[in-house]
Amino acid sequence: MTERPESTTTRPTSTGVRQVRPRTEGWQQQKDESGRPLLQFASPKRGKPPVHLADLTPEERVAKVKELGLPGFRAKQLAKHYFTHYTSDPAAMTDLPAEGREELVAGLLPPLLTEVRRLQTDGGDTIKFLWRLHDGALVESVLMRYPGRITLCVSSQAGCGMNCPFCATGQAGLTRNMSAAEIVDQIVRANQVIASGELGGKKADDHSAERVSNIVFMGMGEPLANYARVMQAVRVMVDKKEGLGMSARGITVSTVGLVPAIRKLAAEDIPVTFALSLHAPDDELRDELIPVNSRWKVDEALDAARAYFDATGRRVSIEYALIRDMNDHAWRADLLAEKLNARGKGWVHVNPIPLNPTPGSVWDASERSVQMEFVRRLNDAGVPTTIRDTRGKEIDGACGQLVATEDDQAAAAATAG
Ligand code: SAH
């Protein structure tokens, strides 16, 4: 008699396996007419944020400067002030003629983000910013100092239309898309904070030359649902001459799995790091956990992720929030490994993230031993897997916790000028 294999990649029928189903408690998931979780792809119409230099290509900037009656080369000077000195203050731009300077700066570097609140943890090495946009919409970004790198988690939308029941951002739906410049300004403002020595580190060190080295699009919003603006922001981030001059591989675009947009991203000439928020290897569970799975199934999303690797040579990340008794079963680790291996070796790694608590959440992170077993099975199957350490839980700044709450609204109202 042959021994039964220790693991099985099909769903066990035994009643010994607990299976918690996704549901919400303490908040109501918005539904469409057919009773399914509402998916919002289009941005609700609101007043557009003022056009800013970072929304424009270098050619468009020159045209705009000329429109204001000034010579085109002033555009480069403004870009230098903004991207290398992190300033939008006309008083600091003494290389520009005093006459017309205010108008020039007002025309190309309008203020975009008002800081409402700053929360810190990890001895000052992690800062969560709450920003108010021109129309009162609120967004957050999280700045994290690590040994050898500084990472900023940026928002790409105010709110999010993807309605994932375990993520705080989705609970209030999508307020609107952010402009490219609103995305970029989060970085410039963070660089300002770093250069002035306000982000932890050793107090005695000179921080003036330090800046954000890594960007993760893991703040509020679904970046691929705001594709054009996100790509313009990425172009500005990597532009060495008239932008931030960051490296593309240091920029991670994370998506819930908008397959056509993933394929479009693969065809761009900027090889950013790509992350897919999978969270379940089987459609049965993912249909409930990630509402967009009703459009694009697990296999389609994985095929698109593999195609991203083929097009760019960049190893793809699979994000997997480990939720107790929901998606953390050994058989799911095996099924995930099987599906990834079926698409080849060396193209992917898995980042499990123990679930972070969100308001009204009825689920917990997996037990430590279950996390370890999940990781072990994937590694044993030849899929490199490491648990991701998420920062900022104490200040509700960790993955899935970003939401502009009513308290934040009150704080924003109190600081509104
Ligand atoms: N919309 C994009 C990016 C924002 S979320 C996306 O879904 O990928 C960034 C990451 O945090 C995603 O992998 C998301 O699934 C994960 N996340 C969301 N809520 C979480 C929670 N409560 N605990 C842990 N990770 C969570």
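Analyst: Helices (H or I, at least four residues) and strands (E, at least two) are DSSP runs, numbered from the N terminus. Residues are numbered from 1 along each chain as its sequence is written. This is a predicted model, in which local features need pLDDT of at least 70 and side-chain atom pairs count only at pLDDT 80 or more, while totals for chains, interfaces and linings use all residues.

User: In which helix is the place of L289?

Analyst: The helix in question spans residues 283-289. L289 therefore belongs to helix α7.

User: Is L289 buried or exposed?

Analyst: A residue is buried if 20 or more other C-beta atoms lie within 10 Å of its own, exposed if 12 or fewer, and partly exposed in between, with C-beta atoms placed from the backbone. L289 has 21 C-beta neighbours inside 10 Å, so L289 counts as buried.

User: What separates the C-alpha atoms of L289 and F166?

Analyst: Along the chain, L289 and F166 are 123 residues apart. Their C-alpha atoms are separated by 7.7 Å.

User: How are α9 and α10 oriented to each other?

Analyst: Axes are lines fitted to C-alpha atoms, for helices over the stretch in contact, and angles run from 0 to 180 degrees between N-to-C directions. The axes of α9 (residues 330-341) and α10 (residues 368-380) come within 9 Å and cross at roughly 30°. Angles under 35 degrees count as roughly parallel, over 145 as roughly antiparallel, 65 to 115 as roughly perpendicular and the rest as oblique. The two helices, α9 and α10, are therefore roughly parallel.
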